[in-house]
Amino acid sequence: MTRKARALAVRPGIEAAVPDTAFVLAAGLGKGMRPLTASRPKPLVEVAGKALIDHVLDRLRSAGIGKVVVNAHYLADALEAHLKARATDFDVKISDERKQLLETGGGLVLAEHLIEADTFLVVNSDNYWIDGPADTLHLLASLWREGDMDALLLLVPQARAGNHRGQGDFHMKSDGRLVRREKGKVAPFVFTGIQIVSKRLLRDAPDGPFSPNILWDRAIAEGRCFGAVHQGLWFDVGNPSAIKATERALQNG
């Protein structure tokens with residue numbers, strides 16, 4: 001499999017080259033995971049005997065991704081030390097947010113200079129997903145259309161959003177374009193924290209900490225924010241009880 005930093009616009013179901021670089025979000029304070037995060041960052045909390053970030057990195061490695069940028073803030077030294085053990089699998093770079101936690105949007109902007117590719121993956125480190133009939137990251141790559149998209153978000157139907165208690169995030173049009181959930185109403189799809197983005201998404205971004213919603217909303221208004229439906233299972237692992245629920249689900253098949 002080629003590791004050239006590109007994404008192919010091909011028919012769904014046909015293997016496509018996954019972008020060679022992934023930005024892994026790992027800088028959060030992990031307040032919801034207390035007391036487990038009293039002495040370690042959330043990405044190092046274990047699920048099924050393995051650190052959350054290692055579950056993600058193993059998926060990225062299986063997809064052929066060779067370059068990883070990870071942002072770090074809370075207990076950053078521990079995270080950096082852990083990532084050194086993955087140096088044989090990836091070219092790992094740290095986007096240092098020790099001075100200021102920048103949220104997802106600001107974290108993307110800070111890390112942009114470390115990301116050589118114009119198109120790259122963005123993955124939350126507290127995702128746990130199981131592939132469906134197709135490899136999830138290859139499926140996402142097969143749906144990317146460079147000329148039409150600034151962001152392609154992997155979504156999961158509410159019924160397969162393990163541990164999720166929200167009202168959903170998006171509606172999806174027949175052509176894959178996304179529409180926001182209206183306030184006070186329910187939407188059928190939940191964002192998994194996995195997406196392919198172009199650096200076009202980051203143009204004219206604000207300074208400092210900000211939510212990626214600012215960037216998504218502009219892309220939605222321009223018709224350049226799309227969704228893809230995850231075919232397998234997905235678990236939101238945001239607190240200690242979610243760890244237990246996820247492990248029970250895995251044990252029960």
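## What covers helix α6

The cover over the buried residues of helix α6 includes β2 (46–47), β7 and β14. This picture comes from a predicted model. The buried residues of α6 are Ala242, Ile243 and Thr246. Seen down the axis of α6, they fall within an arc of 105°, so they line one face of the helix. The face turned away from that buried side carries exposed residues: Ser241, Lys244 and Gln251.

Helix α6 has 12 residues. From its first C-alpha to its last, α6 reaches 17 Å, close to the 16 Å expected at 1.5 Å a residue.

## The sheet beside it

Three strands form an open sheet, in the order β7-β14-β9. Its pairing is mixed. The edge strands, β7 (127–130) and β9 (161–162), each pair on one side only. Helix α6 (residues 240–251) packs on this sheet and touches β7 and β14. The direction of α6 makes about 160° with that of β14.

Now look at one pair of strands. β7 and β14 (residues 233–236) pair in the antiparallel sense, over four bridges. Tyr128 stands opposite Phe235 in β14.

## Two nonpolar cores

In soluble globular proteins, nonpolar side chains tend to be buried together. Here the largest nonpolar core has 38 residues. Ile53, Leu60, Leu121 and Leu137 touch the most other members. Helix α1 (residues 52–62) gives the most to this core, with four residues.

Leu60 shows the contacts in detail. Leaving aside residues up to four places away in sequence, Leu60 touches Ala22, Val24, Ile65, Val68, Phe90, Leu121, Val123 and Leu137. A second, separate core has 24 residues, including Leu153, Val197, Leu201 and Leu215.

Terms used:
Residues numbered from 1 in each chain as written. Predicted model: local features only at pLDDT ≥ 70, side-chain atom pairs only at ≥ 80, totals over all residues. Heavy atoms only, no water. Core = buried A, V, L, I, M, F, W, Y, C linked by side-chain atoms within 4.5 Å. Buried < 20%, exposed > 50% of the residue type's maximum accessible area, 1.4 Å probe, protein only. Helix = DSSP H or I, 4+ residues; strand = E, 2+ residues; numbered from the N terminus. Contact = heavy atoms within 4.5 Å. Pairing = 2+ DSSP bridges. Axes fitted to C-alpha atoms, helices over the stretch in contact; angles between N-to-C directions. Expected span 1.5 Å × (residues − 1). Arc of directions from axis to C-beta.
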